[in-house]
Amino acid sequence: MKLQRKNRLRALSLGAVAVSGALALTACGSDDNGGSDNPSTSAKAGSVKCDDAKGQLLADGSSAQKNAIDAWVKNFSQACGVQINYKGGGSGAGVTAFTQGQVAFAGSDSALKPEEVTASQKVCKGGQGIDLPMVGGPIALGYNVPGVDNLVLDAPTIAKIFDSKITKWNDPAIAALNKGAKLPDLKIQAFHRSDESGTTDNFTKYLIATTPDNWKYSGGKAWQAKGGQSAPQSAGVAQQVKQTSGAIGYFELSYVKDGLKAVSINTGAAKPVAPSSESATADIAAAQVVGTGKDLSLKLDYKTKAEGAYPITLVTYEIVCDKGNKTDTLPATKAFLRYIASEEGQKILPSIGYAPVPDEIIAKVRTTVEGLS
């Protein structure tokens with residue numbers, strides 16, 4: 001179903017929050033469970049419902065949401081005394097750990113495939129794994145090109161860059177999109193993920209949807225194009241781009257820092273669109289819920305030409321059993337998921353480079369969390 005315009009506007013209003021102090025939290029990527037003095041990322045005393053939560057939780061998955069999880073864990077652990085160890089080893093690793101019963105929940109930037117749902121039934125006694133959208137955000141194309149501060153690219157050009165068909169920054173195709181820019185005669189160093197990644201899956205879904213003539217690959221979590229260079233996890237790709245002149249890579253907006261810049265996308269709208277919490281929410285607000293039952297997986301609009309809507313977005317799902325969760329971890333799992341789906345939990349996201357899940361969808365998530373057993 002299409003989300004209503006009013007819900008989109010309400011979600012967009014959350015993007016106005018931007019507190020520089022929160023960026024310091026993401027910059028360190030801290031797993032520290034201590035307190036925070038930042039009002040945009042700190043839970044108010046007594047505002048987190050701990051219920052019977054206790055002990056510790058193991059979780060793994062999407063590195064795209066790692067900075068959001070770090071902020072949430074900091075608040076939740078301070079309030080409830082529960083230790084949460086989220087490895088952030090990538091979506092593929094998270095789904096595998098979940099279907100093998102190694103973690104209480106997993107994070108994935110791609111919804112469970114049918115065979116993964118089947119595998120989860122061995123772990124979720126009497127139930128199955130479901131997808132709960134918790135974090136939205138743009139996949140930024142971060143670049144390191146000396147002297148170029150405002151780079152614009154379109155889908156065909158992006159596809160050719162990452163398929164090693166365009167190899168110099170002063171290529172005529174790039175120059176045509178950046179009139180007046182001083183593009184250097186510099187080799188392009190395109191970085192992709194070396195591990196299985198939902199970020200790769202969503203990035204290539206965008207290329208498949210928008211420029212199939214220039215991107216002939218089938219897509220998925222594993223990178224398929226030949227050439228280029230690779231690094232593990234979003235932080236690894238961002239680090240390689242930062243230290244390599246002429247580099248470009250794809251990763252979440254929260255990793256665009258320390259001198260990196262982000263590409264604006266020519267979508268066919270009146271103006272190129274830069275990645276931001278607001279522009280990602282504008283795209284996610286048009287998503288369709290395609291999951292069945294308690295599953296809330298979404299279909300995103302990668303071909304949007306709406307003004308101010310950034311097309312390369314992802315939604316990170318928390319994957320959990322609808323029934324059959326382990327009794328020793330269920331109270332803490334529900335309490336943590338309840339907090340991150342709450343209005344307070346979602347309000348943290350814009351200040352650290354993410355987009356909150358639109359109102360109509362997150363309301364369904366909250367209802368589903370309460371019914372976990």
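**Close-up 1. Lys66 and Asp70 lie 4 residues apart in helix H3 (residues 66-80), about one turn of the helix.** The model is predicted: local features need pLDDT of at least 70, side-chain atom pairs count only at pLDDT 80 or more, and totals for chains, interfaces and linings use all residues. Residues are numbered from 1 along each chain as its sequence is written, and side-chain values use heavy atoms, with hydrogens and water left out. Helices (H or I, at least four residues) and strands (E, at least two) are DSSP runs, numbered from the N terminus. The Lys66 and Asp70 side chains form a salt bridge (3.0 Å, N to O). A salt bridge puts a side-chain nitrogen of Lys or Arg within 4 Å of a carboxyl oxygen of Asp or Glu. Lys66 is buried at 14% relative accessible area; Asp70 is buried at 5%. Buried means under 20% relative accessible area, exposed over 50%, partly exposed in between (1.4 Å probe, protein chains only). The whole structure holds 11 salt bridges.

**Close-up 2. Asp185 and Lys168 meet in a salt bridge (3.0 Å, N to O) between their side chains.** Asp185 sits in the loop between helix H7 (172-177) and strand E6 (189-193), and Lys168 in the loop between H6 and H7, so the pair ties together parts 17 residues apart in sequence. Asp185 is exposed (58%). Lys168 is partly exposed (34%).

**Close-up 3. The side chains of Arg338 and Glu370 form a salt bridge (2.7 Å, N to O).** Arg338 belongs to helix H11 (residues 330-341) and Glu370 to helix H13 (residues 359-370), so the bridge ties together parts 32 residues apart in sequence. Salt bridges with shared partners join Asp51, Arg338 and Glu370 into one network. Arg338 is buried (15%), whereas Glu370 is partly exposed (41%).

**Close-up 4. Thr157 lies in helix H6 (residues 155-162).** Thr157 is buried, at 5% relative accessible area. Not counting residues up to four places away in sequence, Thr157 touches Ile166, Ala173, Ile174 and Leu177; contact means heavy atoms within 4.5 Å.

**Close-up 5. Gly220 is found in the loop between H8 and strand E7 (229-231).** Gly220 is buried, at 15% relative accessibility. Gly220 and Asp201 are 19 residues apart in sequence and 4.6 Å apart in space, C-alpha to C-alpha. Beyond residues up to four places away in sequence, Gly220 touches Thr200, Asp201 and Thr204.
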